[in-house]
Amino acid sequence: MEVDGTWNAFIIDRTQTGFDTSVWDKIASTVEGNTISLCWQCGTCTSGCTAREYDPNFSPRRFIDLARKGDKQSLQELESSLWRCFSCQKCTHRCPKGVLVEEVVHAIHNYALEEGLVRKDPGTKFDELFLKAVMDNGGRISELLLGSMAAKYGMVSLSLKDLINVSSALLKTGLIKTVMNPEKVRNWEKIRKVLENAMKEEIKL
Amino acid sequence: MTETYGKVAFYPGCALDGLGKPYEVSIQLVANDLGLKYERLDDYNCCGALEVKNVNTMAGFLLPARNLSLANRVKANTVMSACPGCHYSLSRTHYFMSKYVKVKDRVNFYLKEMGELPYENNLFMIHVVEFIRNAFGPEKLKAIVKRRFDGLKVAPYYGCLYVRPKQYLQTGYMKIKDDPERPVFMDELLQSIGAEPVQFEAKVMCCGGPHVYSDAETSMHLEARIIKEAVRNGAELLITDCPLGHVAIETNMTKIEKKYGVRISLVYFTQLLALALGHSPEEVMLDANITRPMDVLKKYLR
């Protein structure tokens with residue numbers, strides 16, 4: 001804003017400018033974030049959002065707005081919210097403009113992680129654990145395998161009584177064997193190598 | 001309507017070879033009784049669920065794509081999943097591969113390196129509820145029921161990914177796909193064996209699935225909400241078609257009861273159908289259910 005004389009020194013800008021416009025470009029160039037440009041900010045995604053019921057700062061509409069403006073500062077301040085999406089898909093499903101909101105939210109979160117705007121959260125840690133479990137166990141997983149891996153990293157969700165209930169059901173039916181040691185994909189080592197190679201490729205649209 | 005689906009390949013997914021075994025066993029019993037045919041995919045791999053896609057784009061496409069490629073190898077027209085998570089994953093990959101040529105090219109490049117066939121976007125993805133409902137139908141089922149569950153009040157829980165999002169799963173776009181906000185296909189099947197679906201607005205409510213480990217408290221609250229809605233409307237059993245939701249809710253039941261004062265027993269919908277078709281509780285592996293549905297069901301099983 002242009003004001004004459006000393007007034008210029010203490011009138012704050014009333015419009016938001018000076019943000020990093022590359023944020024929008026980067027997110028729109030990812031496969032997941034590609035539909036970010038379609039958003040017209042109606043808020044349909046956010047009004048039905050499961051995560052928002054528990055965290056008032058979780059707002060897909062606002063995340064998209066901030067990312068498109070390039071307001072990294074505000075995204076950074078949302079560190080404890082950005083990762084909370086449950087992937088229930090209501091937002092994507094209901095979006096009247098065809099934004100794949102759930103995908104876009106993850107693209108924004110991934111951008112924030114890559115740029116070091118936010119620290120690694122429990123959700124991402126678990127996702128990485130899941131991928132590791134698939135890779136290390138021959139392309140398949142089981143609930144028990146995943147549970148015990150998660151427990152090793154300090155994420156425990158079962159109470160002792162529930163654990164006993166689960167185990168006794170498994171023992172009674174003889175299911176314990178398959179759950180402890182899931183079958184492996186026969187050609188896994190070859191597939192794994194291709195996968196690891198493919199995972200290095202960053203696919204840009 | 002079996003013609004609609006052509007040759008059906010069944011993708012079991014890890015859950016059905018794990019804690020969800022009773023689900024698979026009962027699907028098989030029901031399909032045999034109804035004369036529905038499908039081929040179980042051999043040597044499948046994990047679909048990556050909702051986790052892998054968040055940490056690596058290519059792995060998020062390749063894991064499901066390999067399974068689609070396996071279905072092509074057996075010359076299937078349709079891929080059926082029993083786990084909505086798998087159904088979603090496979091459909092998501094199909095969607096991205098048909099929308100972005102670049103994704104298709106890269107995925108097929110790596111499939112070739114694995115020694116698999118390319119995926120040519122030629123398959124139709126369905127869930128087992130849709131399969132039984134469309135290929136056999138509730139009216140015909142009603143006629144062959146051997147053991148009716150008259151008056152049994154049930155709350156059918158479909159889970160998010162059975163219907164959402166429409167872009168991937170095509171729900172609401174055609175008659176053989178369910179209503180995306182208020183699905184009814186499972187209700188229809190349950191009605192035909194005499195059970196009475198109660199009013200239940202949590203049919204497609206989130207169970208907190210992907211965050212059961214990383215955000216346990218919130219997930220448990222979400223699960224309790226589903227149970228409360230069922231109990232509030234007088235349901236005696238929660239009927240599921242999603243092994244992820246089923247296992248998540250069952251394994252947390254003691255904690256939920258302690259904290260929120262509600263509990264309910266869970267049964268896979270195919271377990272109940274198989275019982276209605278005359279099979280024994282042992283055959284449908286009712287013992288593998290961690291909650292105790294037998295307490296409710298025993299009066300019907302005499």
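This is a predicted model: local features need pLDDT of at least 70, side-chain atom pairs count only at pLDDT 80 or more; totals for chains, interfaces and linings use all residues.
As for how the two parts of chain B meet, 25 residues of domain 1 are in contact with 24 residues of domain 2. On the domain 1 side of chain B, the elements giving two or more residues to this contact are helix 2 (13–16), helix 3 (21–34) and helix 6 (84–99). Helix 3 of chain B has the largest share of that side, with 9 residues. Sorted by class, the domain 1 side of chain B that touches domain 2 comes out as 14 nonpolar, 7 polar and 4 charged residues.

Next comes the contact between the chains. Chain A puts 56 residues into it and chain B puts in 55. On the chain A side, quite a list of helices each supply at least two residues: helix 4 (50–54), helix 8 (90–94), helix 10 (122–136), helix 11 (143–152), helix 12 (160–173), helix 13 (176–180) and helix 14 (188–198). Helix 10 of chain A brings the largest share of the side that touches chain B, at 10 residues.

Back within chain B, one helix pair can be followed residue by residue. Two packed helices are described by the angle between their axes and the distance between the axes. For helix 8 (residues 128–135) and helix 11 (residues 185–192) of chain B, the axes come within 9 Å and cross at roughly 55 degrees. Helix 8 of chain B is therefore oblique to helix 11 of chain B, and the crossing of the two is left-handed. From helix 8 of chain B, the residues involved are V129(B), E130(B), I132(B) and R133(B), and they meet F185(B), M186(B), E188(B) and L189(B) of helix 11 of chain B. This helix 8 to helix 11 contact in chain B is made up of 5 nonpolar and 3 charged residues, with no polar ones.

The peptide bond running from R164(B) to P165(B) is cis, and its omega is near -10 degrees. P165(B) belongs to the loop between strand 5 (153–157) and helix 10 (166–169) of chain B.

Positive phi values turn up at N121(B) and M285(B). N121(B) is a residue other than glycine with phi near 55 degrees, and its place is the loop between helix 7 (101–114) and strand 4 (124–127) of chain B. N121(B) counts as partly exposed because it has 13 C-beta neighbours inside 10 Å. M285(B), not a glycine either, has a phi of about 55 degrees and is found in the loop between helix 15 (269–276) and helix 16 (294–301) of chain B. M285(B) has 22 C-beta neighbours inside 10 Å, so this residue counts as buried.

Technical notes:
Residues are numbered from 1 along each chain as its sequence is written. Chains are lettered from A and ligands numbered from 1 in the order in which they are written. Axes are lines fitted to C-alpha atoms, for helices over the stretch in contact, and angles run from 0 to 180 degrees between N-to-C directions. Helices (H or I, at least four residues) and strands (E, at least two) are DSSP runs, numbered from the N terminus. Angles under 35 degrees count as roughly parallel, over 145 as roughly antiparallel, 65 to 115 as roughly perpendicular and the rest as oblique. A crossing is left-handed if the near helix is turned anticlockwise from the far one by less than a right angle, and right-handed if clockwise. Two residues are in contact if their C-beta atoms, placed from the backbone, lie within 7 Å. Ala, Val, Leu, Ile, Met, Phe, Trp, Tyr, Cys and Pro count as nonpolar, Asp, Glu, Lys and Arg as charged, and the others, Gly among them, as polar. A residue is buried if 20 or more other C-beta atoms lie within 10 Å of its own, exposed if 12 or fewer, and partly exposed in between; C-beta atoms are placed from the backbone.
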